[in-house]
Amino acid sequence: MPSPWNASCSARIGGPMSETQKTGRSRLDPEPVSRRDVLGLMSLWAAGSALLFGLVGMLRLPKAAVLSSPSKRFRVTLPATLAAGEAFTPPGRNVAVYRDEQGVYAISRVCTHLGCIVKPTEEGFECPCHGSRYDHDGTVTKGPAPRALPWLEVKEQAGTLYVDEGSNVASGTRLKV
Amino acid sequence: METAFRGGAPKTDRTRSTFVFGNVFFHLHSVRTHRWSLRWATTWGLGMATFAAFVITLVTGILLMFYYKPFPDVAYQSIKDIHFVVPTGRFMRNIHRWAGNVMVVTVILHMARAFYTAAYRKPREFNWLMGMALLVVTLGLSFTGYLLPWDQLAYWAITIGANIAASPQEVTNALGITQHFDPGGLQRLILLGSDTVGPEALIRFYLLHVMILPLVLALIVAVHFWRIRKDGGLARPVDADQRVGPITGTYPVFTEQPKKTYQLAAIVRGKTAAVGKGPEATVPSMPHLFYGELAVLMLTTLICVALALLSDAPLKELANPMVPENPAKAPWYFLGLQELVSFSAFMGGIGIPTIVLLGLGLIPYLDRETEGTGEWFGGPGGKKLAMRSLLVGFGASLAIESFVIHFGWLREWFPHIPQLVITAINPGTLLTLAYGAYSVWCVKKYSSTRAGAMALFTCFLCGFIVLTVIGTYFRGPNWVFYWSPSQWPGH
Ligand code: FES
């Protein structure tokens, strides 16, 4: 094993090991490594692996343990005049809330393709970004969207309606009111 | 003035040589340059123009950092300040944006030049890879750049970009393994630093734009330039010496055989550099090459300044997370991608770009031929093959686009088709397959891998142009096809 240190190099040149002896050795019978070299190499390896582990640990930094996202549950007050099948968008939320004879339900307005905001229309929903279209119940009818628009959980507590953008329910689930 | 040239103005060839290798910046060049490399038609100065555009964006970008503040709303206001209040701010912002655009154009053209002159061949394979990395980083810089003003364009570009990063979910969802294995979700989370688009995302993209990517770019540029030297200058045909003809004027001719070899010094293989070989059609880099480079630098600056004076960098309304623009369009260099993404997020945004990059990277390792190196369209059938590929490239992409625009695609015919089929079989993937098949056919027909590479590269270039033009001029609200914006329905 060649040594990076000059001291041991010159020691070997002047030392007892001659050229002929060296060439006579095989890989299975290597020349003895001096204690100094062993210690030096060991400290190099130790420092190297410590740096490596430190680096791998640092790579975790960009992924926060707690996310700074705003609450996904919010309160809605449906206007009294809301007709069946007419979308109501609570201010500041990308959700369409509906009321019909069977109850209240909410559909997310975030396109399942790449996250643009779909617009409720006569036929269902349409997306401005890459032309996906959805039915009234959120099923994809056209374009690249991979999934139906999710239906969101609607709950009633003490007479007020809450919608939770973070929890999906099966399509068709309505809350009787 | 004299001290600027430490050692006096270089008047003789000898002082000119010392001038070059006594200066760290000029030292990047060799002392003498082959006259083939100096012909305009060899490079059209495209690499130098790219570098010049980079320097301009660097300088103006640093100036903009005096006023830009990376936080939503404040960011938008600070861009407005730069535009309307800061002295010369508008000009700086315009020129920054235009130099960025020029850089994207020239980097693509420079790549095409290197490809069509087969300059990627041995020993320049590695530098071709470095060049590809530079293309990717350039696009990354452009993308992170237009996110910073936090206007409507920026906000929806971040949203869409982050969701493209998450689009492997299209596949993992279809296979039902997202709970256990979700690389897409992780990528999105790391880009945004949150699960919604907000201040965390802006500061991440800012960091990428002003720090990480420029450093990476500068590093790769250094390697790229250094490799040019190590690979023996620009690629040129074997008989370049004869082609440029005998040298005119008097230049030193070394005719004596070398008395010593440099091998002992362990610096160069063989005896010595140019001793005993005559001038080899080279001229001193100072002034011939430097004046050429200076000319390109000045021309690039002139173009950027002119564009900056003629047209203002756009700033849309403040970001509104409730309403995307309709149509929401990326800057021109991503509209081809947007068109692809409008068929499938995963294939268009990740799958096909990866395939294209892999294909480009493999070219130098597949093409082991030597004929035509350094010549435009060199190799078997050169120009004819390029023309034919141009026809196929334009034809196939136009055909498949008009088909989808006219008849729609699988989802409209079979509403219950599984998502995996839509992801795998869409106009984008079919076009890629068609191009691949055509290129294999060319390899067979001409029994030459160079022919195949030429076919494929030309086709992809055509595809890129067609998709970009359609995305730019023929897509209106809801990404519907319109012949002209005048037919767009009113809002
Ligand atoms: S984001 Fe809705 S179609 Fe692409």
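Ring pairs join B:Trp44, B:Phe115, B:Tyr116, B:Tyr120, B:Trp128, B:Trp376, B:Phe377 and B:Phe457 into a cluster, where rings of Phe, Tyr and Trp (its six-membered ring) are taken to pair if their centres lie within 6.5 Å, and where planes under 30 degrees apart count as stacked, those over 60 as edge-to-face and the rest as tilted. The structure is a predicted model, in which local features need pLDDT of at least 70 and side-chain atom pairs count only at pLDDT 80 or more, while totals for chains, interfaces and linings use all residues. Residues are numbered from 1 along each chain as its sequence is written, chains are lettered from A and ligands numbered from 1 in the order in which they are written, and side-chain values use heavy atoms, with hydrogens and water left out.

Over all chains, a search of the whole structure finds 31 aromatic pairs. One of these is formed by B:Phe115 and B:Phe457, which are stacked at 4.1 Å centre to centre with 10° between the planes. This pair links distant parts of the chain, since B:Phe115 lies in helix α6 (residues 89-116) of chain B and B:Phe457 in helix α20 (residues 449-473) of chain B, 342 residues apart. B:Phe115 counts as buried at 0% relative accessibility, and B:Phe457 is likewise buried, with a relative accessible area of 7%; buried here means under 20% relative accessible area, exposed over 50%, and partly exposed in between (1.4 Å probe, protein chains only). B:Phe474 and B:Phe481 form another stacked pair, with 5.7 Å centre to centre and 15° between the planes. In this case B:Phe474 is partly exposed, at a relative accessible area of 21%, and B:Phe481 is partly exposed as well, at 22%.

The secondary structure of chain B comprises 20 helices and two strands, both being DSSP runs numbered from the N terminus (helices H or I, at least four residues; strands E, at least two). Chain B has a radius of gyration of 26 Å, close to the 23 Å that the globule rule gives for 491 residues, so it is as compact as a globular protein of that length; the radius is taken over C-alpha atoms, and the rule is 2.2 Å times the number of residues to the power 0.38. Of the 491 residues of chain B, 46% count as buried. Among contacts in chain B with a separation of 6 or more, 75% are accounted for by residues 24 or more positions apart, a contact meaning heavy atoms within 4.5 Å.
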